[in-house]
Amino acid sequence: MNLQALPWMPRLQQLLARPDEPRDYDSFLLLLLLSLLAIGVVMVNSASVPVAERLFGNPLHFTIRHLIYLGLGGTLAVLVLNVPVQRWHQGNLLLLALAVAGLLAVLIFGRTVNGATRWLALGPISIQPAEPAKLFFFVYLASYLVRRHEEVRENIKGFAKPMLVLLVLSVLLLLQPDMGTVIVMFATALVLLFLAGAKLWQFIVLSLTGVSAVLFLIVYSEYRWRRVTAFLDPWADPFGSGYQLTQSLMAFGRGGFSGQGLGNSIQKLEYLPEAHNDFIFAIIAEETGFIGVFAVLALLFLLVARLLWIGRQAMLKQMHFHGFLALAMAIWFGFQTAVNIGVASGVLPTKGLTLPFVSSGGSSLIIMLMAAALVLRIDFEVRMEGKHAINRGGRST
């Protein structure tokens with residue numbers, strides 16, 4: 001068998017290149033991703049043992065599930081690495097249609113869990129269409145900003161079109177309901193439009209409109225209002241609406257500077273709901289203390305900063321779709337990180353958003369791995385463009 005004929009062999013050889021050989025991928029970004037994924041596996045295992053033992057009789061149930069999704073996400077990430085970024089640009093409207101179709105399908109055929117209809121069962125696995133909808137919308141938005149760049153900068157019509165698309169997606173998401181995803185998509189779109197050159201007054205008006213809409217949805221929704229009041233004073237009802245937040249705050253308090261030690265969390269003993277998922281940061285704080293919290297925050301900060309740098313490099317080389325897409329991924333990861341940590345620490349009202357690359361979560365982990373691979377591909381093409389420019393310059397002399 002000719003191993004060199006295998007499609008993935010050149011990629012593997014590139015990853016195993018000697019340190020002194022020039023690489024065509026961002027090794028620093030890859031190192032950050034692998035570090036966060038490794039922390040995620042360790043902490044999901046630590047945080048999920050008690051609930052997995054009670055629910056399934058297998059303490060490693062959620063760990064095995066996390067590793068399976070990690071394997072699926074890694075496989076799809078390798079496929080994404082081998083797809084030219086221009087293909088995403090060309091297929092942006094098809095991807096947007098798939099996002100809408102997925103959100104419609106979950107409303108018709110979806111599975112309801114804890115009062116929310118967010119999952120589609122596909123054989124032995126369940127997917128959450130809201131996760132690919134985020135990625136596909138950002139691909140569409142980056143493509144739109146390239147195609148209609150002058151229109152976005154010059155008049156309100158160009159600014160309003162993508163927001164109308166977002167409005168359609170938001171309505172479908174709120175019917176599930178999934179307000180957290182709507183907030184992430186809105187914030188990312190708003191910042192990206194501002195970076196693309198939209199006028200400041202448009203940015204301010206849309207910001208105020210979005211905040212007003214969120215306040216309206218909170219005031220006229222009983223369960224959302226309970227979450228806000230619990231966030232403002234969780235100790236007023238520590239065994240009711242404020243239960244999850246008070247348990248999370250106690251985890252932070254027990255962590256101190258160096259933590260209780262890996263595996264020694266008390267809150268994960270089914271005191272803190274969703275300890276391995278949305279509130280995994282509280283368990284990190286309890287078991288590893290300020291040191292672990294700082295390490296995770298530093299890795300996530302460096303990850304977002306690296307994505308922003310890649311986006312800027314693409315823009316400098318006039319690869320605008322590449323640049324806008326990398327910037328969208330950076331804003332998405334950064335904002336979702338801020339919301340997850342803000343919720344766990346009591347700075348923000350409770351929202352069901354995972355901590356990127358760390359929390360247990362099937363669809364979220366898979367889609368974020370695909371998004372990260374897409375940025376690696378963007379960086380690869382930007383580097384290749386730079387090499388070609390150097391080669392062209394060398395020939396011209």
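Student: Glu-287 and Lys-268: are they buried or exposed?
Tutor: Glu-287 is buried, and so is Lys-268. Buried means under 20% relative accessible area, exposed means over 50%, and partly exposed lies in between (1.4 Å probe, protein chains only). This is a predicted model: local features need pLDDT of at least 70 and side-chain atom pairs 80 or more, while totals for chains, interfaces and linings use all residues. Residues are numbered from 1 along each chain as its sequence is written, and side-chain values use heavy atoms, without hydrogens or water.

Student: What makes Glu-287 and Lys-268 a salt bridge?
Tutor: The closest N and O atoms of Glu-287 and Lys-268 are 3.4 Å apart. The rule asks for a side-chain nitrogen of Lys or Arg within 4 Å of a carboxyl oxygen of Asp or Glu, so the pair qualifies. Glu-287 lies in helix H13 and Lys-268 in the loop between H12 and H13, so the bridge ties together parts 19 residues apart in sequence. Helices here are DSSP runs (H or I, at least four residues; strands are E, at least two), numbered from the N terminus.

Student: How many salt bridges does a search of the whole structure find?
Tutor: Eight. Among them, Arg-54 and Glu-270 meet at 2.6 Å, N to O. That pair links distant parts of the chain: Arg-54 sits in helix H2 (residues 27-56), and Glu-270 in the loop between helix H12 (243-255) and helix H13 (280-316), 216 residues away.

Student: Why is Arg-54 called exposed?
Tutor: Its relative accessible area is 54%, over the 50% mark, so Arg-54 is exposed.

Student: What phi does Glu-270 have?
Tutor: A positive one, about 65°, although Glu-270 is not a glycine. Most residues other than glycine have a negative phi. Gln-318 also has a positive phi, near 65°. Gln-318 lies in the loop between H13 and helix H14 (320-344). Its relative accessible area is 57%, so Gln-318 is exposed.

Student: Where do Arg-377 and Glu-381 lie?
Tutor: Both are in helix H15 (residues 362-396), four residues apart, about one turn of the helix. Arg-377 is buried, and so is Glu-381.

Student: Which residues are linked in a network of salt bridges?
Tutor: Asp-26, Arg-306, Asp-379 and Arg-383.

Student: Why is H5 called roughly parallel to H8?
Tutor: The axes of helix H5 (residues 92-109) and helix H8 (residues 156-174) come within 9 Å and cross at roughly 20°. Angles under 35 degrees count as roughly parallel, over 145 as roughly antiparallel, 65 to 115 as roughly perpendicular and the rest as oblique, so H5 and H8 are roughly parallel.

Student: Which residues make the contact of H5 with H8?
Tutor: From H5, Leu-96, Val-100, Leu-103, Leu-104 and Leu-107; from H8, Val-165, Leu-169, Leu-172 and Leu-173. Contact means heavy atoms within 4.5 Å.

Student: What makes Ala-251 buried?
Tutor: Ala-251 has 0% relative accessibility, under the 20% limit, so it counts as buried. Ala-251 is found in helix H12. Leaving aside neighbours within four places in sequence, Ala-251 is in contact with Gln-267, Ala-282, Ala-285 and Glu-286. Leu-272 is 21 residues from Ala-251 in sequence and 8.7 Å from it in space, C-alpha to C-alpha.

Technical notes
Axes are lines fitted to C-alpha atoms, for helices over the stretch in contact, and angles run from 0 to 180 degrees between N-to-C directions.
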